[in-house]
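Thanks for making time this morning.

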Amino acid sequence: MDAVEDRSGREGEFAVAANDWFRVAPLEPGVWLVGEPGHVNSWLIRGEERALLFDTGLGLADISSAVAGVCPQEPEVVNSHVHFDHVGGNELFAETAMHELGPKWIEAGCDPAQLRAYPALIPAMEAAYQQLLEADRSEFFLIGPDEEMRTWPAEGIAARGWRVEPPPPARLLVEGDEIDLGGRALRVLHTPGHAPDQICLLDEREGILWAQDQAYYGPHLVYEPGADLADFVATARRLAEDLAGSLRTVYTAHCLRPTVPPAFLGELADAAERVAGGEVGTAPSSGFFGEPVRAADFGHFSILIRPEDAP
């Protein structure tokens with residue numbers, strides 16, 4: 001992917017030290033949150049024989065160093081999709097895998113304008129987080145270590161640059177593929193909508209879905225290049241119906257909360273169908289980088305679509 005500024009080397013050449021940036025925390029046996037709180041979550045999943053890292057984040061710090069502290073062997077990387085905030089550390093690992101549609105988007109390259117525009121969002125994000133933190137610490141006490149937003153490394157980026165250039169994957173995945181980690185099997189679910197190449201990982205025995213950008217509390221972006229509202233509706237309904245009663249938790253990528261309850265899959269499916277069917281109003285809004293979109297607000301989450309997709 002195209003570079004904004006060049007970066008070379010490992011830990012000393014990153015914008016921020018891994019220990020200062022990542023939240024690496026065990027959430028249950030064999031599962032570690034590898035969070036960049038306030039931005040994106042990746043996941044380390046270990047079996048008896050192998051380990052897997054689901055996504056590699058923004059690429060601002062050395063995620064390989066972060067996971068090495070809890071995982072003696074190098075994990076295989078699997079990407080949920082190839083948006084810049086999920087593939088930033090791919091080049092640090094020997095083995096990467098993604099859906100078979102992913103390489104097309106890697107070849108097209110990350111829009112360098114996104115890497116320039118993202119930092120412009122940070123001051124408002126950090127100010128809003130401080131207001132949230134002050135209210136939380138006086139009344140609610142919901143924010144714990146997993147949700148503590150990191151300070152944006154502006155000086156490090158200015159000095160060392162920030163680029164996102166994932167290499168071609170070593171392996172391609174399709175719907176139904178099984179990844180055997182030894183005593184833990186993960187099934188690949190192709191879940192297009194937010195992105196054409198998006199996948200979720202399902203641990204059927206443990207009742208865990210790693211949903212990443214498919215399901216979380218917050219704004220669902222169904223307007224970016226490659227996004228498709230009809231696919232998003234079909235995917236949401238498929239997950240809600242096929243996994244009903246079989247899950248105990250859903251791990252997610254965005255918006256501070258690293259987990260949502262399985263029942264949210266049904267809420268999201270119902271909402272997506274209402275949006276696509278014109279049963280709920282949408283209002284003019286702005287996308288992540290100022291794109292004109294229409295938004296349907298459901299309180300703890302929203303769905304943002306292209307204006308031409310609004311019924």
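I will take salt bridges to begin with, then aromatic pairs, then one serine, and end with the cavity. Please keep in mind that this is a predicted model.

Salt bridges, then. Searching the whole structure gives 18 salt bridges. I will go through a few of them.

One of them joins Arg184 and Asp203, with 2.6 Å between the closest N and O atoms. Arg184 sits in the loop between strand E8 (178-180) and strand E9 (185-190), while Asp203 belongs to strand E10 (residues 199-203), so this pair ties together parts that are 19 residues apart in sequence. Are these two residues buried or exposed? Arg184 has a relative accessible area of 9%, so Arg184 is buried. Asp203 has a relative accessible area of 2% and is buried too. The cut-off for buried is under 20%.

Next, Arg237 and Glu273 form a salt bridge through their side chains, at 2.8 Å from N to O. Arg237 is in helix H6 (residues 229-242) and Glu273 in helix H7 (residues 264-276), so the bridge ties together parts that are 36 residues apart in sequence. Glu273 has 32% relative accessibility and therefore counts as partly exposed.

Another bridge is between Asp309 and Arg306, where the N to O distance is 3.3 Å. Asp309, at 27% relative accessibility, is partly exposed. There is also a network: Glu28, Arg205, Glu206 and Arg248 are joined into one by salt bridges that share partners.

Now the aromatic residues. In general, a pair of aromatic rings is described by the distance of the centres and the angle of the planes. How many aromatic pairs does the structure hold? The number is 13. Take Phe264 and Phe301: their ring centres are 5.1 Å apart and their planes are at 85°, so the pair is edge-to-face. The cut-off for edge-to-face is over 60 degrees. This pair links distant parts of the chain, with Phe264 in helix H7 and Phe301 in the loop between strand E16 (292-297) and E17, 37 residues apart. Phe264 and Phe301 are both buried.

Phe288 and Phe289 make another edge-to-face pair, with 5.3 Å centre to centre and 80° between the planes. Phe288 has a relative accessible area of 37% and is partly exposed. Phe289 is partly exposed as well, at 23% relative accessibility.

A brief stop at Ser302, which is in strand E17 (residues 302-305). Ser302 has 13% relative accessibility and so counts as buried. What is Ser302 in contact with, leaving aside neighbours within four places in sequence? The contacts are Gly218, Pro219, His220, Ala296 and Asp297.

Last, the cavity. The search of the whole structure turns up one cavity of 30 Å³ or more. The volume of the largest cavity is about 50 Å³. Its lining includes Glu36, Pro37, Gly38, His39, Val40 and Asn41. Also in the lining are Asp146 and Glu147, together with Ala253, His254, Cys255 and Leu256. By type, the lining residues divide into five nonpolar, four polar and three charged.

That is where I will stop.

Terms used:
Residues numbered from 1 in each chain as written. Predicted model: local features only at pLDDT ≥ 70, side-chain atom pairs only at ≥ 80, totals over all residues. Heavy atoms only, no water. Salt bridge = Lys/Arg side-chain N within 4 Å of Asp/Glu carboxyl O. Helix = DSSP H or I, 4+ residues; strand = E, 2+ residues; numbered from the N terminus. Buried < 20%, exposed > 50% of the residue type's maximum accessible area, 1.4 Å probe, protein only. 1 Å grid on protein atoms, 1.4 Å probe; cavity = no way out; pocket = protein on both sides within 12 Å on 5 of 7 lines; lining within 4 Å. Points joined across faces, edges and corners; volume = space filled by probe spheres on them. Nonpolar A, V, L, I, M, F, W, Y, C, P; charged D, E, K, R; others polar. Contact = heavy atoms within 4.5 Å. Phe/Tyr/Trp six-rings, centres within 6.5 Å; stacked < 30°, edge-to-face > 60°.
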